[in-house]
Amino acid sequence: MPGRVVHSVDFQRVLATAPKARSAHFAAHHVADEPSRTRGRPPTVAAEKLSTETDRDVAGPVDKFRPGQWLGLVVPRRLARRAVTRQLLKRQMRAALQRHAVALPGGLWVLRLRSGFDSQRYPSAASTALRQAVRGELDALLVAAAAATRR
(Lines give C-alpha, C1' and ligand atoms only; values in the text may rest on other atoms or scores of the structure.)
Protein backbone atom coordinates (compact mmCIF):
# COMPACT_ATOMS: atom_id res chain seq x y z
CA MET A 1 0.00 0.00 0.00
CA PRO A 2 1.48 3.36 -0.96
CA GLY A 3 2.13 6.10 1.55
CA ARG A 4 0.51 9.52 1.36
CA VAL A 5 1.87 12.82 0.14
CA VAL A 6 0.78 15.21 2.86
CA HIS A 7 3.03 18.28 2.76
CA SER A 8 2.22 21.18 0.47
CA VAL A 9 5.91 21.45 -0.42
CA ASP A 10 5.79 17.94 -1.88
CA PHE A 11 2.63 18.69 -3.85
CA GLN A 12 4.20 21.85 -5.26
CA ARG A 13 7.39 20.01 -6.18
CA VAL A 14 5.54 17.22 -8.00
CA LEU A 15 2.97 19.46 -9.71
CA ALA A 16 5.78 21.73 -10.96
CA THR A 17 6.91 18.90 -13.25
CA ALA A 18 5.25 18.08 -16.55
CA PRO A 19 2.67 15.30 -16.33
CA LYS A 20 3.96 11.83 -17.20
CA ALA A 21 0.59 11.03 -18.79
CA ARG A 22 -2.74 12.74 -19.43
CA SER A 23 -6.22 11.55 -20.20
CA ALA A 24 -9.44 13.43 -20.90
CA HIS A 25 -10.06 14.04 -17.19
CA PHE A 26 -6.87 13.16 -15.29
CA ALA A 27 -3.13 13.85 -15.20
CA ALA A 28 -0.39 11.80 -13.53
CA HIS A 29 2.68 13.59 -12.17
CA HIS A 30 5.77 11.81 -10.83
CA VAL A 31 9.03 12.69 -9.10
CA ALA A 32 11.50 9.93 -8.27
CA ASP A 33 12.21 11.18 -4.76
CA GLU A 34 11.13 10.78 -1.16
CA PRO A 35 8.70 13.03 0.71
CA SER A 36 10.13 15.93 2.67
CA ARG A 37 10.70 15.46 6.37
CA THR A 38 8.15 16.72 8.81
CA ARG A 39 8.93 20.05 10.34
CA GLY A 40 9.12 20.56 14.05
CA ARG A 41 11.49 20.40 16.94
CA PRO A 42 14.32 17.92 16.65
CA PRO A 43 14.11 15.02 19.07
CA THR A 44 15.88 15.64 22.35
CA VAL A 45 18.78 13.43 23.28
CA ALA A 46 19.11 12.34 26.86
CA ALA A 47 22.40 13.23 28.50
CA GLU A 48 22.77 9.80 30.01
CA LYS A 49 23.17 6.55 28.15
CA LEU A 50 20.05 4.41 28.01
CA SER A 51 20.23 0.86 29.28
CA THR A 52 19.04 -0.43 25.90
CA GLU A 53 21.80 1.25 23.90
CA THR A 54 24.73 -0.68 22.56
CA ASP A 55 28.25 0.49 21.89
CA ARG A 56 28.28 -0.67 18.28
CA ASP A 57 27.81 1.78 15.42
CA VAL A 58 24.54 1.75 13.55
CA ALA A 59 24.92 1.19 9.79
CA GLY A 60 22.65 4.07 8.78
CA PRO A 61 20.04 6.48 10.02
CA VAL A 62 17.13 4.82 11.74
CA ASP A 63 14.50 7.23 10.45
CA LYS A 64 15.38 6.82 6.77
CA PHE A 65 12.32 6.36 4.58
CA ARG A 66 11.95 3.02 2.88
CA PRO A 67 11.98 3.23 -0.90
CA GLY A 68 8.42 3.08 -2.09
CA GLN A 69 5.53 4.97 -3.53
CA TRP A 70 3.70 7.92 -2.07
CA LEU A 71 0.39 9.07 -3.50
CA GLY A 72 -1.19 12.50 -3.48
CA LEU A 73 -4.64 13.24 -4.87
CA VAL A 74 -5.95 16.53 -6.21
CA VAL A 75 -9.72 16.62 -6.77
CA PRO A 76 -10.86 20.27 -6.81
CA ARG A 77 -14.35 21.12 -5.64
CA ARG A 78 -14.94 23.30 -8.71
CA LEU A 79 -14.59 20.21 -10.94
CA ALA A 80 -16.55 17.76 -8.76
CA ARG A 81 -19.19 19.73 -6.88
CA ARG A 82 -20.66 16.99 -4.73
CA ALA A 83 -18.67 15.41 -1.90
CA VAL A 84 -19.90 11.93 -2.84
CA THR A 85 -18.43 12.37 -6.33
CA ARG A 86 -15.10 13.61 -4.97
CA GLN A 87 -14.88 10.65 -2.61
CA LEU A 88 -15.75 8.20 -5.40
CA LEU A 89 -12.99 9.69 -7.56
CA LYS A 90 -10.45 9.51 -4.73
CA ARG A 91 -11.30 5.87 -3.98
CA GLN A 92 -10.96 5.00 -7.66
CA MET A 93 -7.62 6.84 -7.88
CA ARG A 94 -6.19 5.00 -4.85
CA ALA A 95 -7.42 1.65 -6.14
CA ALA A 96 -5.94 2.29 -9.60
CA LEU A 97 -2.52 3.06 -8.13
CA GLN A 98 -2.67 -0.14 -6.07
CA ARG A 99 -3.56 -2.17 -9.18
CA HIS A 100 -0.62 -0.71 -11.12
CA ALA A 101 1.88 -0.36 -8.26
CA VAL A 102 4.15 -3.11 -9.57
CA ALA A 103 4.58 -1.48 -12.98
CA LEU A 104 5.11 2.04 -11.61
CA PRO A 105 8.50 3.20 -10.30
CA GLY A 106 8.91 4.41 -6.75
CA GLY A 107 8.68 8.03 -5.75
CA LEU A 108 6.05 10.68 -5.32
CA TRP A 109 2.93 10.29 -7.48
CA VAL A 110 0.19 12.90 -7.72
CA LEU A 111 -3.00 12.08 -9.60
CA ARG A 112 -4.93 15.22 -10.52
CA LEU A 113 -8.46 15.72 -11.82
CA ARG A 114 -8.03 18.26 -14.62
CA SER A 115 -11.59 18.47 -15.97
CA GLY A 116 -14.99 17.55 -14.61
CA PHE A 117 -17.28 14.78 -15.76
CA ASP A 118 -20.41 15.79 -17.69
CA SER A 119 -23.38 15.96 -15.31
CA GLN A 120 -25.78 15.34 -18.23
CA ARG A 121 -24.07 12.06 -19.07
CA TYR A 122 -23.57 11.00 -15.43
CA PRO A 123 -26.52 12.49 -13.49
CA SER A 124 -25.97 10.39 -10.38
CA ALA A 125 -22.99 11.37 -8.28
CA ALA A 126 -21.99 7.77 -7.57
CA SER A 127 -23.41 5.87 -10.54
CA THR A 128 -22.03 2.58 -11.80
CA ALA A 129 -21.49 4.15 -15.22
CA LEU A 130 -19.31 6.89 -13.68
CA ARG A 131 -17.36 4.29 -11.71
CA GLN A 132 -16.65 2.22 -14.81
CA ALA A 133 -15.67 5.27 -16.87
CA VAL A 134 -13.28 6.52 -14.17
CA ARG A 135 -11.75 3.08 -13.66
CA GLY A 136 -11.10 2.56 -17.37
CA GLU A 137 -9.64 6.02 -17.81
CA LEU A 138 -7.35 5.71 -14.78
CA ASP A 139 -6.12 2.27 -15.88
CA ALA A 140 -5.20 3.64 -19.31
CA LEU A 141 -3.58 6.70 -17.69
CA LEU A 142 -1.35 4.66 -15.37
CA VAL A 143 -0.31 2.25 -18.13
CA ALA A 144 0.78 5.28 -20.17
CA ALA A 145 2.53 6.79 -17.13
CA ALA A 146 4.44 3.56 -16.50
CA ALA A 147 5.55 3.49 -20.14
CA ALA A 148 6.62 7.15 -20.00
CA THR A 149 8.72 6.68 -16.87
CA ARG A 150 10.57 3.69 -18.39
CA ARG A 151 11.88 5.81 -21.25
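Tutor: Start with one term: a residue counts as buried when its relative accessible area is under 20%. Keep in mind that the model is predicted.

First, the outline. The protein chain has 3 helices and 5 strands. From the N terminus on, they run β-α-β-β-β-α-β-α. The chain has 151 residues, and 34% of them count as buried. It exposes about 10000 Å². Carbon and sulfur atoms supply 52% of that area. Now take the contacts between residues at least 6 apart in sequence. Of these, 78% join residues at least 24 apart.

Look next at helix α1, residues 8–15. Its buried residues are Asp10, Phe11 and Val14. Seen down the axis of α1, these residues fall within an arc of 100°, so they line one face of the helix. What do they pack against?

Now the core. In soluble globular proteins, nonpolar side chains tend to be buried together. Here the largest nonpolar core has 25 residues. Phe26, Leu89, Leu113 and Phe117 have the most contacts inside it. Helix α3 gives the most, with 7 residues.

Pick out leucine 89. Leave aside residues up to four places away in sequence. Leucine 89 then touches Phe26, Val75, Ala80, Leu113, Phe117 and Val134. Three of these names, Phe26, Leu113 and Phe117, are also on the list of residues with the most contacts inside the largest core.

There is also a second, separate core, of 7 residues. Val5, Phe11, Val14 and Val31 are among its members.

A pair of aromatic rings is described by the distance of the centres and the angle of the planes. A search of the whole structure finds 2 aromatic pairs. Phenylalanine 26 and phenylalanine 117 form a tilted one, 6.0 Å centre to centre with 55° between the planes. This pair links distant parts of the chain, 91 residues apart. Phenylalanine 26 lies in strand β3, while phenylalanine 117 lies in the loop between β5 and α3.

Tyrosine 122 is buried, as phenylalanine 117 is. Together, ring pairs link Phe26, Phe117 and Tyr122 into a cluster.

One last stop: alanine 133, found in helix α3. Alanine 133 has a relative accessible area of 23%, so it is partly exposed. Alanine 133 and tyrosine 122 are 11 residues apart in sequence. In space, the distance is 9.9 Å, C-alpha to C-alpha.

How values were computed: Residues are numbered from 1 along each chain as its sequence is written. This is a predicted model: local features need pLDDT of at least 70, side-chain atom pairs count only at pLDDT 80 or more; totals for chains, interfaces and linings use all residues. Side-chain values use heavy atoms; hydrogens and water are left out. Buried means under 20% relative accessible area, exposed over 50%, partly exposed in between (1.4 Å probe, protein chains only). Helices (H or I, at least four residues) and strands (E, at least two) are DSSP runs, numbered from the N terminus. The arc is that of the directions from the helix axis to the C-beta atoms. A nonpolar core is a set of buried Ala, Val, Leu, Ile, Met, Phe, Trp, Tyr and Cys residues joined through side-chain atoms within 4.5 Å. Contact means heavy atoms within 4.5 Å. Accessible areas come from the Shrake-Rupley method with a 1.4 Å probe; for residues, only the protein chains shown count as cover. Rings of Phe, Tyr and Trp (its six-membered ring) pair if their centres lie within 6.5 Å; planes under 30 degrees apart count as stacked, over 60 as edge-to-face and the rest as tilted.
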